Amino acid sequence: MSDAIERPVLRAANSHLYPGALVRVHAPGTTDPHRAGTAPGDLLFADGSRTTAQVLVDPDEHSTLWVGEYTTERGTTISERVWSVHPSPDGSGDVLLRIGARLP
């Protein structure tokens, strides 16, 4: 049996993030995908572009999503960003993150 931890996979329905957008966090082999999302994972966008992302949870249980710089399939470079997020379970074992405000 391997001790390797699978990276969480985050999926966005569009080629970029914006307030109100949803990101699904899937973390195989965990009972708490939101917490598992605190490990760096792969964020996959609907247009096929991808980057690294990480959910950060502060001591007060407020969540943010850090997203590394990436280039969309159309060639637009999106700089590194941090977003407030509002997590909720989706009933399948995954967590949906609703994107809130972009943070400085």
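## Salt bridges, a barrel and a core

The side chains of D42 and R7 come together in a salt bridge, with 3.2 Å from N to O. A salt bridge here is a side-chain nitrogen of Lys or Arg within 4 Å of a carboxyl oxygen of Asp or Glu. Because D42 sits in strand β3 (residues 41-44) and R7 in the segment before β1 (9-12), this pair ties together parts that are 35 residues apart in sequence.

Before going on, please note that this is a predicted model, in which local features need pLDDT of at least 70 and side-chain atom pairs count only at pLDDT 80 or more, while totals for chains, interfaces and linings use all residues. Residues are numbered from 1 along each chain as its sequence is written, and side-chain values use heavy atoms, with hydrogens and water left out.

### The charged pairs

Side chains of opposite charge can pair when their charged atoms come close. How many salt bridges does a search of the whole structure find? It finds two. The other one to look for joins R24 and D94, at 3.6 Å from N to O. R24 belongs to strand β2 (residues 22-26) and D94 to the loop between β8 (81-89) and β9 (95-103), so this pair ties together parts that are 70 residues apart in sequence.

The table shows how much of each partner can be reached from outside. Buried means under 20% relative accessible area, exposed means over 50%, and partly exposed lies in between (1.4 Å probe, protein chains only).

| Residue | Relative accessible area | Class |
|---|---|---|
| D42 | 21% | partly exposed |
| R7 | 38% | partly exposed |
| R24 | 32% | partly exposed |
| D94 | 10% | buried |

V25 is in strand β2 and counts as buried, at 1% relative accessibility. G93 counts as partly exposed, at 46% relative accessibility.

### The barrel

What does the chain contain in the way of helices and strands? It has one helix and nine strands, and along the sequence they follow the pattern β-β-α-β-β-β-β-β-β-β. Helices (H or I, at least four residues) and strands (E, at least two) are DSSP runs, numbered from the N terminus.

Seven strands close into a barrel, in the order β1-β2-β9-β8-β5-β4-β3, with mixed pairing. From one strand to the next, the twist averages 35°; axes are lines fitted to C-alpha atoms, for helices over the stretch in contact, and angles run from 0 to 180 degrees between N-to-C directions. Strands of a sheet pair through backbone hydrogen bonds, either parallel or antiparallel. Two strands count as paired if DSSP finds at least two bridges between them. β1 and β2 run antiparallel and are joined by four bridges. V9 stands opposite H26 in β2.

### The core

Now for the nonpolar residues. A nonpolar core is a set of buried Ala, Val, Leu, Ile, Met, Phe, Trp, Tyr and Cys residues joined through side-chain atoms within 4.5 Å. The largest such core has 19 residues, and those with the most contacts inside it are L10, L17, L43, L65 and L97. At least two residues of this core come from each of β1, β2, β4 (50-57), β5 (63-67), β8 and β9. Which strand gives the largest share? It is β9, with three residues.

Leaving aside neighbours within four places in sequence, L10 is in contact (heavy atoms within 4.5 Å) with residues including V23, V25, L43, V55, L65 and L97. Across the 104 residues of the chain, 35% count as buried.

The whole structure holds one aromatic pair. Rings of Phe, Tyr and Trp (its six-membered ring) pair if their centres lie within 6.5 Å; planes under 30 degrees apart count as stacked, over 60 as edge-to-face and the rest as tilted. The rings of F45 and Y70 have centres 4.3 Å apart and planes at 15°, so this pair is stacked. F45 lies in the loop between β3 and β4 and Y70 in strand β6 (residues 70-71), 25 residues apart. Both F45 and Y70 are buried.

Most residues other than glycine have a negative phi. E61 is not a glycine, yet has a positive phi of about 70°. E61 is in the loop between β4 and β5 and counts as partly exposed, at 47% relative accessibility.
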